[in-house]
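Me: I have a structure to go through, and I would like each label checked against its definition. Please start with the pockets.

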Amino acid sequence: GDYFDPEHTQFRALRVLNEDRVQPGKGFGTHGHRDMEILTWVLSGTLEHRDSLGTHGVIRPGEAQVMSAGTGIRHSEFNGSAEEPVHFLQIWILPERQGLTPRYDQAAFLEADLRNRLRLIASPDGAGGSVRLFQDVRVFAARLDAGREDTAAIPPGQAGFLQVATGSVTLAGRTMNAGDSACIEGEPSIGVVAGSPAEILFFDLV
């Protein structure tokens with residue numbers, strides 16, 4: 001909506017991370033974007049997508065969708081369920097250049113691949129079946145059991161960003177709960193320990 005915080009408008013190539021909950025039968029009407037990589041990750045429920053490219057798809061938990069807005073695209077998101085809310089994260093990443101051709105991509109990931117380890121879900125080269133981003137950014141997701149630990153390296157010159165989607169984790173001795181995030185610079189790696197069953201996203205950012 002009208003939320004604005006001048007101290008938190010962007011971190012590296014990460015422009016926006018929105019956490020949305022949409023009630024049954026509701027959604028976002030058709031609207032336009034330009035020159036942005038838009039990545040969607042559903043936490044619960046299902047999200048129906050339509051766009052001006054003619055794409056019509058449904059995004060479920062464990063599926064990543066990316067839309068390159070490029071020279072201009074119009075799209076809508078809708079909760080088609082009559083009973084179940086949908087809870088999702090929509091992430092805006094600045095593209096490597098303006099004027100790209102608009103496109104759409106979607107990929108599904110097995111529960112076993114997400115369980116207790118960071119799984120690559122978006123990358124600049126589509127490695128490992130991840131969706132492709134037109135930017136030197138890699139996004140990982142993990143579903144951690146309580147007490148489980150995972151680590152992630154941060155290449156020289158890059159920065160890290162951790163988003164706790166559900167549950168709680170400990171990072172550098174500090175507890176982070178669902179909805180909390182951390183910007184990480186000047187560290188070669190991070191390690192997180194789940195205090196309760198948790199779903200996290202980790203970004204390797206240019």
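Me: What makes the second largest pocket a pocket, and how much space lies in it?

Reply: About 270 Å³ of space lies in the second largest pocket. The word pocket is used because, on a 1 Å grid over the protein atoms alone, it is an open set of points with protein on both sides within 12 Å along at least five of seven lines, whereas in a cavity a 1.4 Å probe fits but cannot get out. The volume is the space filled by probe spheres set on the points, which are joined across faces, edges and corners. This is a predicted model, in which local features need pLDDT of at least 70 and side-chain atom pairs count only at pLDDT 80 or more, while totals for chains, interfaces and linings use all residues. Residues are numbered from 1 along each chain as its sequence is written, and side-chain values use heavy atoms, with hydrogens and water left out.

Me: Which residues line the second largest pocket?

Reply: Among them are Leu171, Arg174, Met176, Cys183 and Glu187; a lining residue has an atom within 4 Å of a point. E17 gives the most, with 4 residues. Strands (E, at least two residues) are DSSP runs, numbered from the N terminus.

Me: How does the lining of the second largest pocket divide into nonpolar, polar and charged?

Reply: It has 7 nonpolar, 3 polar and 2 charged residues. Ala, Val, Leu, Ile, Met, Phe, Trp, Tyr, Cys and Pro count as nonpolar, Asp, Glu, Lys and Arg as charged, and the others, Gly among them, as polar.

Me: What is the volume of the largest pocket, and which element gives the most to its lining?

Reply: The volume is about 920 Å³. The lining has 29 residues, and E1 gives the most, with 7 residues.

Me: Why is Thr175 called exposed?

Reply: Exposed means over 50% relative accessible area, buried under 20%, and partly exposed in between (1.4 Å probe, protein chains only). Thr175 has 52% relative accessibility, so it counts as exposed. Thr175 lies in strand E16. Leaving aside neighbours within four places in sequence, Thr175 is in contact (heavy atoms within 4.5 Å) with Val169 and Thr170.

Me: What makes a set of residues a nonpolar core, and how many residues has the largest?

Reply: A nonpolar core is a set of buried Ala, Val, Leu, Ile, Met, Phe, Trp, Tyr and Cys residues joined through side-chain atoms within 4.5 Å. The largest has 27 residues, and Trp41 and Val139 have the most contacts inside it. A second, separate core of 18 residues includes Ile154 and Leu162.
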